[in-house]
Amino acid sequence: MVTAATPAITSAPPFDAATIAAAKHVAERTKAGVLPKIGADGSRPSQIYAKAYRPDPAKANMPKIALMVGGLGLSAATTRDALDKLPPAVTFAFAPYGADLEADAARARAKGHETVLQLPM
């Protein structure tokens, strides 16, 4: 559950419109939807959407963790709650069965979240 008391996590600022627009060369629309691809210049979506890590020099020896919230996209209310309350440093993993995955992922990227597709094993 996401609460207003979720601790603050510092990170790089959200992606700007230019970054998102530039990423169109690493995606293609197919009958199955928009799929990632390697760009003509060799760039990969994972490189373009990767968040910059800017460590605090005073905390160089501290442990590092990554936070990923999974199962998003299945419930519109939960997805909206995560988008509204979680800081950009949290990665969002979207389930492939959501009704509006493309729009939800675009909103998450616009707010600065890394996004991944969660695949069943």
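**Local packing and the nonpolar core of the predicted model**

Apart from neighbours within four places in sequence, Ala27 makes contacts with Val34, Leu35, Pro36 and Lys37. This residue, Ala27, lies in strand β1, which comprises residues 27-30. Its relative accessibility is 28%, so Ala27 is classed as partly exposed.

The mean pLDDT of the chain is 80, with 82% of residues at 70 or more. Helix α3 has the highest confidence, with a mean of 96, whereas helix α1 (residues 17-22) has the lowest, with a mean of 58. Over residues 1-13, pLDDT remains under 50, and the model has 20 contacts beyond four places in sequence for this segment.

The largest nonpolar core consists of 10 residues, namely Leu72, Ala82, Leu83, Leu86, Val90, Phe92, Phe94, Leu101, Ala105 and Ala108. Two or more residues are contributed by each of the elements α3, β4 and α4 (101-110). Of these, α4 gives the most, with 3 residues. In soluble globular proteins, nonpolar side chains tend to be buried together.

Two members of this core, Phe92 and Phe94, also form an aromatic pair. A search of the whole structure finds 1 such pair. The ring centres of Phe92 and Phe94 are 6.3 Å apart and the ring planes lie at 75 degrees; the arrangement is therefore edge-to-face. Phe92 has a relative accessible area of 1% and is buried. Phe94 is likewise buried, at 3%.

Another core member, Leu86, is located in the loop that runs between α3 (76-85) and β4 (91-94). Its relative accessible area is 12%; because the cut-off for burial is under 20%, Leu86 is counted as buried. The C-alpha atom of Leu86 is separated by 9.1 Å from that of His113, which is 27 residues away along the chain.

Helix α3 has Thr79, Ala82 and Leu83 as buried residues. These residues span an arc of only 100 degrees around the axis, and therefore lie on the same side of α3. The buried residues of α3 pack against β3 (68-72), β4 and α4. Thr79 is a polar-contact site within helix α3: its side chain reaches the backbone nitrogen of Gly73 at 2.8 Å. With a relative accessible area of 2%, Thr79 is buried. Residues up to four places away in sequence being excluded, Thr79 touches Leu72, Gly73, Leu74, Phe94 and Asp104. Among these contacts of Thr79, Leu72 and Phe94 are members of the largest nonpolar core.

In helix α4, the buried residues are Leu101, Asp104, Ala105, Ala108 and Arg109. Their arc around the axis is only 135 degrees, so they are placed on the same side of α4. Leu101, Ala105 and Ala108 from this set also belong to the largest nonpolar core. Just after α4, Gly112 adopts a positive phi of about 100 degrees.

Key:
Residues numbered from 1 in each chain as written. Heavy atoms only, no water. Phe/Tyr/Trp six-rings, centres within 6.5 Å; stacked < 30°, edge-to-face > 60°. Buried < 20%, exposed > 50% of the residue type's maximum accessible area, 1.4 Å probe, protein only. Helix = DSSP H or I, 4+ residues; strand = E, 2+ residues; numbered from the N terminus. Core = buried A, V, L, I, M, F, W, Y, C linked by side-chain atoms within 4.5 Å. pLDDT = per-residue confidence, 0-100. Contact = heavy atoms within 4.5 Å. Polar contact = N/O pair within 3.5 Å; in protein donor to acceptor, adjacent residues only side chain to side chain. Arc of directions from axis to C-beta.
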